[in-house]
Amino acid sequence: MAKVVFLGLGVMGYPMAGHIATAGHSVVVYNRTTAKAEKWVAEHGGSYCVTPAEAVPDADFVFSCVGDDPDVLAVALGDNGAIATMKPGAIYIDNSTVSADVAGQLYAAGKARSVGVLDAPVSGGQAGAENGSLTVMVGGDQAVFDAALPVIECYGTRVVRMGDYGKGQQAKMCNQICIAGLVQGLSEALNFAIAAELNTDALLEAISGGAAQSWQMVNRGHTMVKNEFDFGFAVDWMRKDLRICLEEAARNEASLPVTKIVAGYYDELSQMGHGRNDTSSLIRRLRGS
Ligand code: NAP
């Protein structure tokens, strides 16, 4: 069994670290707000440290799941960041959704210290993290991927190496590009159904068995009709993710016309005070509420 450190016990990291501990690995956790680390240790055993640098010297694998680019740079490379005190041969796996540029910075810093680095963003949301059934898109060296795979599989049921560093983050961008257009389409269909006075339960039963079927339709269709959005993947996280997609597209010159429009819609929702709502709340704009 491996010595593992997990940095960031948020909605995603808390249960992901839990699955690694349940599998029998020895886990040390760090969380910026220490009370969450204390709670995690009370629930799962192991121990916690108050800085990443202090937590990692003995670790075989160090995971992070924090927020945006500056947050990953802070826990990995900042004052008291992890990579500077990791032992040679250890592996750093970042599960946050951030830019491919940050993935490159971590990879280079790791290389300089003989530390392997993988960018390994996840998809599947809070439920996927809690059930240990996440999809994980990985960038980095093949040998490093092979070594880390058994630990990543504690929380991921579909773990795919996409190529060299940064490719995991680029794959996650594709995931978010798909979702943006899809949720707007689903919002328009359900708003149309309500205007047409259709029975929305019957509608969702019918079309979720056909070509329009999607994860969003099956898992969010009914709650969208009921105007329930106080759960799930937050609008403000999606705004970050689409900003990252649009920045990458500005570099690779891919055209993202729909993604750009939907990113603006999410900005509107956030300005309306719905930044913590689930991403399926796009339908609120159409209803004007
Ligand atoms: P969250 O619940 O807001 O938790 C964020 C975690 O990161 C917290 O533990 C927070 O510490 C820590 N953190 C943030 N900034 C930090 C900093 N500068 N230094 C140290 N720690 C910092 O977020 P989440 O939903 O778990 O998401 C984490 C990552 O996974 C994000 O990149 C997100 O885009 C991605 N993701 C989320 C979902 C989802 O459904 N939620 C799905 C796929 C991917 P504190 O407790 O002190 O605030």
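## Cysteines

Cys-174 is partly exposed, with a relative accessible area of 45%; buried means under 20% relative accessible area, exposed over 50%, and partly exposed in between (1.4 Å probe, protein chains only). Its closest cysteine sulfur is that of Cys-178, and the 7.0 Å between the two sulfurs is too far for a bond. The model is predicted: local features need pLDDT of at least 70, side-chain atom pairs count only at pLDDT 80 or more, and totals for chains, interfaces and linings use all residues. Residues are numbered from 1 along each chain as its sequence is written, and side-chain values use heavy atoms, with hydrogens and water left out.

Zero disulfides (pairs of cysteine sulfur atoms within 2.5 Å) are found in a search of the whole structure. Cys-49 takes part in no disulfide, the nearest cysteine sulfur being that of Cys-65, 19 Å away. Cys-49 is buried, at 15% relative accessible area.

## Ligand surroundings

The ligand is surrounded by 24 residues, of which the closest are Asn-31, Thr-33, Lys-36, Val-66 and Lys-240; a residue counts if one of its heavy atoms lies within 4 Å of the ligand. Domain 1 (3-165) and domain 2 (170-287) both contribute to this shell, so the ligand lies between them; the domain bounds come from an automatic or database domain assignment.

## Atoms facing the ligand

Oxygen atoms of the ligand lie 2.9 Å from a polar side-chain atom of Arg-32, 2.9 Å from a backbone N or O atom of Met-12 and 3.2 Å from a polar backbone atom of Leu-9.

Terms used
A polar contact is a pair of N or O atoms within 3.5 Å; within protein, one must be able to donate a hydrogen and the other to accept it, and residues adjacent in sequence count only if both atoms are side-chain atoms.
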